Amino acid sequence: MNKIKAFFLSIKQGFADINLVAADGKAKILLRPIIVMGVLAYGAYYVSDKFEVQKSEIEGKISSQRMQKSKIAGYDGLKASVSRLEEGFPDVKLKTEWLFGLVIDIFREQGIGYEFGGGQKEESNDVFTVTTLPVKFTTSYSKLGALCAAIENSGKFVRITDLKVDKSTSELGLVNVEMNLSTAFLKEKSF
């Protein structure tokens with residue numbers, strides 16, 4: 001508390017000294033310190049403005065680096081997701097055998113006889129090759145339902161893309177089915 005009183009007393013004494021000098025008519029003596037203080041104040045303002053600009057640039061760079069770090073983390077997460085998805089696609093090197101083998105296995109498991117309705121058909125773009133295999137067979141409605149469920153829920157990336165069901169004219173309670181099974185092969189895995 002005494003230091004604060006001493007500070008205000010020294011300021012009060014300083015103003016009293018200034019009044020005394022001004023009253024003696026020697027105001028020119030005060031002019032030089034006032035000009036120096038003005039120049040110093042302007043210099044301090046100029047330097048602090050430069051520091052403010054530098055501080056602002058540094059804060060901008062830090063913000064940019066934080067944003068980049070969060071974007072990289074997001075990119076890494078998406079990259080991992082895409083890699084997991086890509087693992088679900090069959091290997092393009094096995095393109096010829098893979099879909100045939102899958103059809104043979106699933107139809108054998110379901111106890112349904114079949115015949116292939118032609119060769120594989122392929123459509124491509126820059127990323128995927130979609131392969132479709134037509135299959136024909138005769139079965140009951142219940143076995144058809146079980147077969148469709150087995151194909152769609154197999155965990156393999158294969159889908160029924162076309163299904164035509166006609167009532168069998170020769171066998172009571174059976175249906176003639178034409179089905180297209182399709183899968184996609186990545187031309188090249190991205191990661």
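Y114 counts as partly exposed, at 28% relative accessibility. Partly exposed covers the range between buried (under 20% relative accessible area) and exposed (over 50%), with a 1.4 Å probe and protein chains only. This is a predicted model: local features need pLDDT of at least 70, side-chain atom pairs count only at pLDDT 80 or more, and totals for chains, interfaces and linings use all residues. Residues are numbered from 1 along each chain as its sequence is written, and side-chain values use heavy atoms, with hydrogens and water left out.

Start with the rings. The structure holds 4 aromatic pairs. Rings of Phe, Tyr and Trp (its six-membered ring) pair if their centres lie within 6.5 Å; planes under 30 degrees apart count as stacked, over 60 as edge-to-face and the rest as tilted. F107 and Y114 have ring centres 5.0 Å apart and planes at 50°, so this pair is tilted. F107 is buried, with a relative accessible area of 1%. F107 also pairs with F137, edge-to-face, at 5.0 Å centre to centre and 75° between the planes. That pair links distant parts of the chain: F107 sits in helix α3, F137 in strand β3, and they are 30 residues apart. Helices (H or I, at least four residues) and strands (E, at least two) are DSSP runs, numbered from the N terminus. Both F107 and F137 are buried. Ring pairs link F100, F107, Y114, F116 and F137 into a cluster.

F107 and F137 lead on to the core. A nonpolar core is a set of buried Ala, Val, Leu, Ile, Met, Phe, Trp, Tyr and Cys residues joined through side-chain atoms within 4.5 Å. In soluble globular proteins, nonpolar side chains tend to be buried together. Here the largest nonpolar core has 21 residues, and F107, F137, L144, L147, I151, M179 and L181 touch the most other members. At least two residues of this core come from each of α3 (95-110), β3 (128-140), α4 (141-152), β4 (158-167) and β5 (174-186). The largest share, 6 residues, comes from α3.

What does F137 contact, leaving aside its neighbours within four places in sequence? Its partners are F107, I112, G113, Y114, L144, L147, V175, N176, V177 and M179. Contact means heavy atoms within 4.5 Å.

Strand β3 also has a strand partner. β2 (residues 121-124) runs antiparallel to β3, and 4 bridges join them. Two strands pair if DSSP finds at least two bridges between them. E122 has T131 in β3 as its bridge partner. The two strands form a hairpin, with 3 residues between them.

Now the charged side chains. A salt bridge is a side-chain nitrogen of Lys or Arg within 4 Å of a carboxyl oxygen of Asp or Glu. By this rule there are 3 salt bridges. One joins D105 and R108, with the closest N and O atoms 3.9 Å apart. Why are D105 and R108 about one helical turn apart? Because they lie 3 residues apart in helix α3. D105 is partly exposed at 38% relative accessibility, while R108 is exposed at 59%.

E152 and R159 also meet in a salt bridge, at 3.7 Å, N to O. E152 is partly exposed at 30% relative accessibility. R159 is partly exposed too, with a relative accessible area of 35%.

D166 forms a salt bridge with K164, the closest N and O atoms being 4.0 Å apart. D166 is partly exposed at 37% relative accessible area, and K164 is partly exposed at 43%.
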